[in-house]
Amino acid sequence: MSTFIEYGLWFRRQLGSDLQATTVTRVERNDSLFRLSLQEGGSVTSRRVVIAAGIESFKRVPAVFANLPSAQASHSYEGRTIASLKGKRVAVIGAGQSALESAALLHEAGSDVEIIAAISDLRWIGQHGWLHHLGLVSTMLYSKYDVGPAGISRLVANPVLVHRIPMRLRDKIRTRAVRPAGSTWLPERLASVKTSTGRIVQEATYAGQEIRLKLNDGSERRVDHVLLGTGYDVDIQRYSFLAPELVQQIRCLDGYPDLGPGFSSSVSGLHFIGATAARSFGPLLYFVAGTEFAARELTRYIHQTQIVSQ
Ligand SMILES: Cc1cc2nc3c(=O)[nH]c(=O)nc-3n(C[C@H](O)[C@H](O)[C@H](O)COP(=O)(O)OP(=O)(O)OC[C@H]3O[C@@H](n4cnc5c(N)ncnc54)[C@H](O)[C@@H]3O)c2cc1C
C-alpha cells in the first residue's frame, strides 16, 4: 500500500502539476463557462471540466440493508479494520473479489464468517492459467491489460473499437468482462468458510444488538455485522457536486454519460473519465489499466480542438 501511494506522489512530483487539494462542492454551467465552488470558499471558472471523481458515490446498498445502522452494516468500499470484527459473527454479502477477499481476511482474523451470494456457484479468475503460456497464441487471446476472458480481452484493449460496437453487444462484453469472481488464491483460504450460494437476503432487521437476516430459502441468520461486497451502480445523478440542472442536460445511458470522442459528454466542454466512461468505451475504463487510453485520448482531443478554435 505504502509503495503504491509513494508511486502516486512520485508521479505527481514528476508531472509538476499545480494540484489544489480541495473538494469541489458544486459544478454549474452559465452560458459557456463552468463555475466550480470549492469547499473552503471561493470558486474557479473554466471553459472545460473533466470529471474523474471515482466510484465512491456509486456504492450499491441493496434496499433491504438500507435502514441498518452504519456501525453494523458497511460497504466494502469504506474499508474497515478487520481486527475490530474478531470474534464477531459477520455475514459477507456478494461473490466478487471485495466480498471474497474480505471473507478470507475476516476468517483468518478470527471472525465467524458466512458468505451469502445470489449466484449459484462462486467463480474464480485465472483458472486457465496455461492459456497465458502459449506464446503467440496467448498474445492473440489476451492483451497486456488482461481485462476480460480469452478473446474478449483483446477487444476490450481497444476502447475506440468497443465504442463502435452496437450498445447491446457492447453491454454484453462489458458485463462479461467484469462479472463477480475471486482470484485463484482465494479458494484455499476460504475452504473452511461457510458459503451459502443461490441465496438472497429478503429482510434485514436490527434488534437487541444483533442483525437478523431472512433468506429466500426461509432460513434465518443472526449476525453482529453485515459486510456488503455488493458492488457499484454508476449513476452520475449521485455525484452530489453536479448541479441538477447540469445533470439534466447530460445525455445518459442508464446513469452513465453517453460519451463521444475525447470523452465529451453532450454538454460542450464537459468530459467524464474513469468508471463513468465504461458504458461508452468498455470495461477497460473501470481499471487503472484504462488510464493510459483515457489520458492520451482526452489530451489528444483537447489539444486538437484548441488548435481548431485558435
Ligand atoms: C476494491 C477495488 C479493487 C480494485 N482493484 C483494481 C486492480 O486490481 N487493478 C486495476 O487496474 N484497478 C482496480 N480497481 C479500479 C481502480 O481503483 C480504478 O480504476 C481507479 O482508481 C480509477 O481511478 P480514477 O482516477 O477514475 O478514480 P479514483 O481513483 O477513485 O479517484 C477519484 C478521486 O476523485 C476525488 N473526488 C471525488 N469527488 C470529488 C470532489 N467533489 N472534489 C474533489 N475531488 C473529488 C476522490 O477523492 C479521489 O481522489 C479497483 C477498484 C476497487 C474499488
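Modeller: Two residues are said to be in contact if their C-beta atoms, placed from the backbone, lie within 7 Å. The structure shown above is a predicted model.

Colleague: How many residues of domain 1 are in contact with domain 3?

Modeller: The protein chain is divided into domain 1 (20–57 + 234–309), domain 2 (58–123 + 180–228) and domain 3 (127–177), according to an automatic or database domain assignment. Taken over C-alpha atoms, the centres of domain 1 and domain 3 are separated by 26 Å. On the side of domain 3, 12 residues take part in the contacts, and on the side of domain 1 the number is 10.

Colleague: Which helix gives the largest share of the side of domain 1 that touches domain 3?

Modeller: The residues on this side of domain 1 divide into eight nonpolar, two polar and no charged. The largest share of them is three residues, and these come from helix α9 (residues 278–281).

Colleague: What percentage of the residues in the protein chain is buried?

Modeller: The C-alpha trace of the protein chain spans about 65 × 55 × 40 Å along its principal axes, and its secondary structure comes to 10 helices and 17 strands. A residue counts as buried if 20 or more other C-beta atoms lie within 10 Å of its own. Among the 310 residues of the protein chain, the buried share is 27%.

Colleague: Which strands stand at the edges of the open sheet of five strands?

Modeller: The order of this sheet is β5-β14-β6-β7-β10, and the pairing is parallel. Neighbouring strands are turned against each other by 20° on average, direction ignored. Two strands have a single partner each, so one side of each is left without a neighbour in the sheet; these are β5 (73–75) and β10 (194–197).

Colleague: Which residue in β14 is the bridge partner of H75?

Modeller: Strands β5 and β14 pair in the parallel sense over three bridges. In β14, the residue paired with H75 is L228.

Colleague: Which are the edge strands of the open sheet of three strands?

Modeller: The three strands have the order β11-β12-β13, with antiparallel pairing. Six bridges join β11 to β12, and four bridges join β12 (residues 210–215) to β13. Pairing on one side only marks the edge strands, which are β11 (201–207) and β13.

Colleague: Is D254 buried or exposed?

Modeller: D254 lies in the loop between β15 (252–253) and β16 (256–257), and its phi is positive, about 50°, although D254 is not a glycine. Most residues other than glycine have a negative phi. Because D254 has 9 C-beta neighbours inside 10 Å, and a residue with 12 or fewer falls in this class, D254 counts as exposed.

Colleague: What is the phi of D146?

Modeller: D146 is found in the loop between α3 (136–141) and α4 (152–156). Because D146 has 14 C-beta neighbours inside 10 Å, D146 counts as partly exposed. Its phi is a positive value in a residue other than glycine, near 55°.

Colleague: What distance separates the C-alpha atoms of Y232 and I55?

Modeller: Y232 is found in the loop between β14 (225–228) and α8 (244–249), and Y232 counts as partly exposed because there are 17 C-beta neighbours inside 10 Å. Leaving aside neighbours within four places in sequence, Y232 is in contact with I55, F58, K59 and R60. Y232 and I55 are 177 residues apart along the chain, yet the separation of their C-alpha atoms is 7.2 Å.

Colleague: Which residues come nearest to the ligand?

Modeller: By class, the shell around the ligand has nine nonpolar, four polar and no charged residues. There are 13 residues around the ligand, and those that come nearest are A53, G54, G274, F287 and V288.

How values were computed. Residues are numbered from 1 along each chain as its sequence is written. This is a predicted model: local features need pLDDT of at least 70, side-chain atom pairs count only at pLDDT 80 or more; totals for chains, interfaces and linings use all residues. A residue is near a molecule or strand if its C-beta atom, placed from the backbone, lies within 6 Å of it. Ala, Val, Leu, Ile, Met, Phe, Trp, Tyr, Cys and Pro count as nonpolar, Asp, Glu, Lys and Arg as charged, and the others, Gly among them, as polar. Two strands pair if DSSP finds at least two bridges between them. Axes are lines fitted to C-alpha atoms, for helices over the stretch in contact, and angles run from 0 to 180 degrees between N-to-C directions.
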